[in-house]
Amino acid sequence: MVDLLHGIGFTGLKAILSGPAGGVVGYGETCYDTKSRTATIGFDAGGTSTDVSRYCDSLEHIYETVVSQVSLQTPQLDISTVAAGGGSMLFWKNGMFVVGPESAGSDPGPACYRKGGPLTVTDANLFLGRLIPEHFPNIFGPNHDEPLDAKTTAEKFKELTAVINKEKESTEAMTPEQVAEGFLKVAVEAMARPIRNITEAKGYKTSEHNLACFGGSGGQFSVALAKNLSIRSAAIHKYSSLLSAHGIMLADILIEKQAPLTCAYF
């Protein structure tokens with residue numbers, strides 16, 4: 001972490017996934033239960049993607065990975081990324097609910113941001129009452145002085161529901177609420193899949209972990225994800241929206257040096 005903090009010998013290779021790595025340190029130092037020593041799953045949900053990892057007393061490392069189809073052979077923390085976050089766009093394709101990988105980003109952002117954006121996972125949570133507009137500052141709209149727009153989100157879900165009911169084969173019509181819930185189930189399952197890969201695929205029982213939720217949209221999915229994985233305890237740190245930065249601050253300062261050595265071996 002010394003390279004990130006002080007720029008000593010800094011290279012681009014050491015910056016790859018540095019934010020998610022800071023998140024692992026952040027929840028490991030603040031959310032891990034040192035008394036029970038229960039392993040903790042880190043769930044870092046942002047606007048475009050979600051990073052998951054596992055922590056139990058120590059940081060887990062890997063020595064080879066692929067990022068954006070580029071193979072990297074360097075020591076790094078074991079972090080899995082999935083293209084699903086609060087800004088992931090919602091689609092109805094081939095008779096199925098599809099979430100992402102396209103993201104609305106921060107501009108125009110979700111439909112509720114008042115900038116003409118598409119329906120996203122955040123809109124589904126807002127429409128179902130899981131986000132309360134009054135609890136958000138008035139920073140939306142072209143002039144960044146308006147509240148979240150629940151009305152536009154509701155209208156878009158009604159329009160999409162009409163399209164779905166017209167195209168799907170079943171005679172039973174869906175309600176806009178059922179459509180929004182369907183998209184969220186798809187999003188949560190997409191987020192749960194990499195968690196199973198770092199737990200059950202390695203011989204660990206997912207239900208015997210705690211869940212640490214952080215990131216800009218981590219709180220939107222904490223309960224649904226915990227239920228999906230049969231996890232009974234979830235922690236949301238008071239610095240959850242910036243826990244990755246907090247984790248970089250808490251990280252140990254290390255310097256790596258290499259030197260050739262020639263000697264006689266007896």
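This is a predicted model: local features need pLDDT of at least 70, side-chain atom pairs count only at pLDDT 80 or more; totals for chains, interfaces and linings use all residues.
Visitor: Why are α2 and α7 called roughly perpendicular?
Guide: Helix α2 (18-30) and helix α7 (residues 243-250) pack at an angle of about 75 degrees, with their axes 6 Å apart. Angles of 65 to 115 degrees count as roughly perpendicular, and the two helices therefore receive that description.

Visitor: Which residues of α2 and α7 meet?
Guide: Among them are Gly22, Val25 and Tyr27 in α2, and Leu243, His246 and Ile248 in α7. By class, this contact has five nonpolar, nine polar and one charged residues.

Visitor: What makes the link between the side chains of Arg37 and Asp57 a polar contact?
Guide: The two side chains come to 2.5 Å, and the cut-off for a pair of N or O atoms is 3.5 Å. Arg37 lies in the loop between α2 and β1 (40-45), and it also touches Tyr32 and Cys56. Cys56 is 19 residues from Arg37 in sequence, with 7.0 Å between their C-alpha atoms.

Visitor: How do you know that β1 pairs with β2?
Guide: Pairing requires at least two bridges, and β1 and β2 (residues 50-55) have six, in the antiparallel sense; therefore they count as paired. Phe43 has Val52 as its bridge partner in β2. The two strands form a hairpin with four residues between them.

Visitor: What makes β10 a partner of β1?
Guide: Five bridges join β1 to β10 (residues 210-214), and these strands run parallel. Asp44 is bridged to Phe214 in β10.

Visitor: Why is β1 called mostly covered?
Guide: Buried means under 20% relative accessible area, and six of its six residues are buried. Thr40, Gly42 and Asp44 cover one side, with Ile41, Phe43 and Ala45 on the other.

Key: Residues are numbered from 1 along each chain as its sequence is written. Side-chain values use heavy atoms; hydrogens and water are left out. Contact means heavy atoms within 4.5 Å. A polar contact is a pair of N or O atoms within 3.5 Å; within protein, one must be able to donate a hydrogen and the other to accept it, and residues adjacent in sequence count only if both atoms are side-chain atoms. Axes are lines fitted to C-alpha atoms, for helices over the stretch in contact, and angles run from 0 to 180 degrees between N-to-C directions. Angles under 35 degrees count as roughly parallel, over 145 as roughly antiparallel, 65 to 115 as roughly perpendicular and the rest as oblique. Ala, Val, Leu, Ile, Met, Phe, Trp, Tyr, Cys and Pro count as nonpolar, Asp, Glu, Lys and Arg as charged, and the others, Gly among them, as polar. Buried means under 20% relative accessible area, exposed over 50%, partly exposed in between (1.4 Å probe, protein chains only). Lists of a residue's contacts leave out its neighbours within four places in sequence.
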